[in-house]
Amino acid sequence: MKFRKTVANNSRNLLYFAKNKKSKMKKSIVLFFTLLFLASCSKEVSKTNLHLTGNIKGLKKGTLYIQRVVDTSLVAIDTITIDGDSNFETDIDLKSAEMLYLFLDRGVTNSMDNNILFFAEPGIMNIETNIDSYISSAKITGSKNQEKYEEYQKINSRFRDQNLDMIELKFKALKSGKTKEIDSLNLKQENNTKRKYLFATNFAINNRDYDISPYIALSDIYDINIKYLDTIQKSMSPKVAQSLYGKKLTEYVIKIKKQESK
């Protein structure tokens, strides 16, 4: 009788132990997959290293597209819908600093004033503007490369304005048949272009620690004498040399040198 009780008790204990062990295994499996899911989520979060915020005063409804240049074409990498609230925010993955575009689809009118150029870099950035003067009123903060770009554009715009003035004067001289005046203006234009290219080259070299350096070389003075591009390329800091535009400039310089050696 005692033997039967003992066997029965042992059977119950074994059954309880088996159930308890099975329950613990289930909990362990659930915990394992939970941790795996959280790990995958954290990996997804870590992919976005630029937090972009902004406000477009007066915009009640519309769509914002964040675009980048891919093979000479603008490609949207993010879409933001504005519906009532003119504030916006998004997270973007950047491998290195890059010039991006904030395109506004107003939904009603097709305006030329609809694409803000901004030098994005990892961190926190903010873009403030308004619906009436979307580009000209834009204030962009949080990017050192953007600050450098605005500094560069402030002086570079003077060369551009001077060139436009001379084009207008040449047009008037052509209408009046003033040949000597046209020759003089042509010479002034050439000198203005040389000064512009020299300024861009010096700016790129003096800012070798920023991604703006190779960007200027590729966007504004790509057709300058190769020796200047070579100087800019060699002056880049190791970090910038490994950036998006740093690599592109190196490839471009190598390509031009090969073409010239043929």
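**Exercise 1. Determine the handedness with which H2 passes H4, and describe their packing.**

Solution. H2 passes H4 in a right-handed crossing (the near helix is turned clockwise from the far one by less than a right angle). This is a predicted model, where local features need pLDDT of at least 70, side-chain atom pairs count only at pLDDT 80 or more, and totals for chains, interfaces and linings use all residues. Residues are numbered from 1 along each chain as its sequence is written, and side-chain values use heavy atoms, leaving out hydrogens and water.

Next, take the geometry. H2 spans residues 144-176 and H4 residues 212-219; they pack at an angle of about 45°, with axes 10 Å apart.

Then list the contacts (heavy atoms within 4.5 Å). From H2, Asn145, Lys148, Tyr149 and Tyr152 meet Ile212, Tyr215 and Ile216 of H4. By class, this contact has 5 nonpolar, 1 polar and 1 charged residues.

**Exercise 2. Find which residues of H5 are buried and what they pack against.**

Solution. Buried means under 20% relative accessible area, with a 1.4 Å probe and protein chains only. In H5 (residues 226-235), Ile226, Leu229, Asp230, Ile232, Gln233 and Ser235 are buried. They pack against H3 (179-206), H4 and H7 (244-261). Now check the N-terminal end. Asn225 caps H5 there: a side-chain oxygen lies 3.0 Å from the backbone nitrogen of Lys227.

**Exercise 3. Locate Arg106 and decide whether Arg106 is buried or exposed.**

Solution. Arg106 sits in the loop between strands E5 (98-105) and E6 (115-120). Its relative accessible area is 15%, so Arg106 is buried. Finally, the C-alpha atoms of Arg106 and Ile82 are separated by 9.8 Å, with the two residues 24 residues apart along the chain.

Conventions:
Axes are lines fitted to C-alpha atoms, for helices over the stretch in contact, and angles run from 0 to 180 degrees between N-to-C directions. Helices (H or I, at least four residues) and strands (E, at least two) are DSSP runs, numbered from the N terminus. Ala, Val, Leu, Ile, Met, Phe, Trp, Tyr, Cys and Pro count as nonpolar, Asp, Glu, Lys and Arg as charged, and the others, Gly among them, as polar. Buried means under 20% relative accessible area, exposed over 50%, partly exposed in between (1.4 Å probe, protein chains only). A polar contact is a pair of N or O atoms within 3.5 Å; within protein, one must be able to donate a hydrogen and the other to accept it, and residues adjacent in sequence count only if both atoms are side-chain atoms.
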